[in-house]
Every structure is written in structure tokens, then in C-alpha cells.
Amino acid sequence: MTLPFLKWAGGKQRVLSQYKPFFPPIACINHYFEPFIGSAAVFFSLQLNIPAALSDQNEKLIEVYKIVRDDVAGVIAALKPHRNEADYYYSIRAQNPDDLTKAQRAARLIFLNKTCYNGLYRENRKGEFNVPFGRYKNPKICDAPRLEAAAAALQGVSLQVADFAEAIKTAVPGDFVYFDPPYVPLSQTSNFTSYNKAGFGPDDQVRLAETVGHLTERGVKVMLSNSSADLVYELYGRSPYRLIDIQARRNINSNPARRGPVKELLILNYDEKWKT
Ligand SMILES: C[S@@+](CC[C@H](N)C(=O)[O-])C[C@H]1O[C@@H](n2cnc3c(N)ncnc32)[C@H](O)[C@@H]1O
């Protein structure tokens, strides 16, 4: 199975086995859309042989996928010299990405992701990556087989920097959309929702629910992940939506005591037996 080559806040790798029974059979889908791609754990696990449109608002993330898709050998060559040392890390972090080649730029983001604190992506107000060095013992900075498998899975895939509402505009009946937005926080301090300088607040959650409503009216099948916060029940706790409980483990929380199992929700606008 193809695995993500980035570690991303909210990555879905650990809950995939609980999601599996609820994906529609690939044979029933014409076009796959994933508008909050993050580490692409769901896309990679599906091993699709149909057209796919992946997008995210984070332009640096989308650029890395494009470069891996189009020049994986160049990215691997550019990753090889990188080393897991604090001074070196800060010198790479201080680089202006615009001064690098495309392959070097992708390698820089992958290197920072593998060696930074907690593997999270965070930007300051100027849009600069600002996570400190992670002090991992032996991070796998250059995982060539994984990058090559990802590049193979990305061949022919559309990659776009877009807001989620824009990204699904061309979806029609027979298509399937999987949404994994930044979650509604369970409490003010419990969640990491600031993926980029824009953030994702309650207004965006309402806008997303409206988008899901329009897709449902248009006959597009939708699956969506979110937390079990009250707002999620308010937005989706009625017909035609089906809410499935998922047991997840939070992996990005500064307080280790809060890293235990947490109930999350999987929301479907279809019967998982694919009848409706
Ligand atoms: C929960 S993460 C997705 C995790 C992903 N499914 C995985 O397995 O790694 C949410 C993503 O939404 C992106 N994002 C935030 N606001 C957005 C928006 N308005 N439109 C599109 N993407 C957005 C963030 O950049 C982030 O990559």
C-alpha cells in the first residue's frame, strides 16, 4: 500500500481501518475529489484507477505533490544531503524557498517535516514555516521507495491550490467527495486548527456544511470527517446524513495526557451498502 511521505496534523493513517467499510466501491465512482488533502493518507490508501482531483489551500503543500509527481528522482537526489542536526536544520529553515530549484524546494519541505518538532506544519503571520527542531533520534529523511510509490499514485492526478468550495464545483452524480477539514475544537484549547495563517473557524464549518448540502442535492456522494463537538451534530445530525462513531487517537497535542482515545465522527450522505 502507498503510504504518506509527510506527517500532517489530522493525518488519517491510524483510522483508515475504521473507515474502510464505509467507502463506496471504487467501481461505482467516476471521479474522486479530496479538497483538504494534507498528507493524502486516504487518497493513497484507496489506490484508485479513476480520475482524481486533490486540492488544499496550502500552496506549498500542493507544490510538493506536483514536484514529487513530476520529478521524484530530482526530489530524492535533493533530499540525500540533508542531515538531522539542529544548526543545519535552522540554516535550512532560514532559506528563502524562492532561491531554490523546484526539487530543492520540495526536498526542503520534506526535510523540515521529518525533522521538526512533532512533524507539524505551522506558519507565522508572514507565511514562514516556524516550527523548532524536533530532536528525533533517527528520522527517515529520504524514504525513496515511499516517494516513488507516491509519485506513481499521483500520475495523471489533478493538483490544485483552492478553497474547498471552489474545488468541488465540477462534481456531478456518480462522483465521490471525501472532506477532511480542520476539526471543530472539542474545547477552546483542545485542538490544533491553525494549519496556515488563515485558520478555519465556525463560519468555515457552516460554509462547508452548506457545500455538503448542495452536493447532496446534486446527487454527489459525500464522506466527511470531523470531531464529535456539538456544532458537528448541529450541522449534520439529521436526515439524509448518517453519523458513524470513530475511535481516534490524537497525535498532535502539547499535553501528553490529552493524547488518549477520542470519539470522532464520519458523516455520510449515502447508505454504506450503496443503495441510496
Ligand atoms: C485535517 S487536515 C487534512 C488531513 C488529511 N486528510 C491527512 O490525512 O493528512 C486539513 C487540511 O485542510 C487545509 N485547509 C484549511 N482550510 C482550507 C480551506 N478553506 N480550503 C481547502 N483546504 C483548507 C489545511 O491546509 C490542511 O492541509
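Modeller: Two residues are in contact if their C-beta atoms, placed from the backbone, lie within 7 Å. The structure is a predicted model, in which local features need pLDDT of at least 70, side-chain atom pairs count only at pLDDT 80 or more, and totals for chains, interfaces and linings use all residues. Residues are numbered from 1 along each chain as its sequence is written.

Biologist: How many nonpolar, polar and charged residues has the contact of α3 with α6?

Modeller: Ala, Val, Leu, Ile, Met, Phe, Trp, Tyr, Cys and Pro count as nonpolar, Asp, Glu, Lys and Arg as charged, and the others, Gly among them, as polar. By these classes the contact of α3 with α6 has 7 nonpolar, no polar and 2 charged residues.

Biologist: Is α3 oblique or roughly perpendicular to α7?

Modeller: The axes of α3 and α7, lines fitted to C-alpha atoms over the stretch in contact with angles from 0 to 180 degrees between N-to-C directions, come within 8 Å and cross at roughly 95 degrees. Angles under 35 degrees count as roughly parallel, over 145 as roughly antiparallel, 65 to 115 as roughly perpendicular and the rest as oblique. The relation of α3 to α7 is therefore roughly perpendicular.

Biologist: Which residues of α7 make the contact with Y65, V68 and R69 of α3?

Modeller: The residues of this contact between α3 and α7 divide into 6 nonpolar, no polar and 1 charged. On the α7 side they are L147, A150, A151 and L154.

Biologist: At roughly how many degrees do the axes of α4 and α6 cross?

Modeller: Helix α4 spans residues 72–79, and its axis comes within 8 Å of that of α6. In α4, G74, V75, A78 and L79 meet A103, Q104, A106, A107, I110 and F111 in α6, a contact with 8 nonpolar, 2 polar and no charged residues. The crossing angle of α4 and α6 is roughly 60 degrees.

Biologist: How many Å apart in space are P139 and K114, C-alpha to C-alpha?

Modeller: P139 lies in the loop between α6 and α7, and touches N84, K114 and T115, residues up to four places away in sequence not being counted. P139 and K114 are 25 residues apart in sequence, yet their C-alpha separation in space is 6.3 Å.

Biologist: Is Q47 buried or exposed?

Modeller: Q47 is not a glycine, although its phi is positive at about 45 degrees, and it lies in the loop between α2 (41–46) and β2 (52–56). A residue is buried if 20 or more other C-beta atoms, placed from the backbone, lie within 10 Å of its own, exposed if 12 or fewer, and partly exposed in between. Because Q47 has 10 other C-beta atoms within 10 Å, Q47 is exposed.

Biologist: What is the omega of the peptide bond that joins S239 and P240?

Modeller: P240 is found in the loop between α10 (230–236) and β6 (242–249). The bond joining S239 and P240 is cis, with an omega of about 10 degrees.

Note on methods: Helix = DSSP H or I, 4+ residues; strand = E, 2+ residues; numbered from the N terminus.
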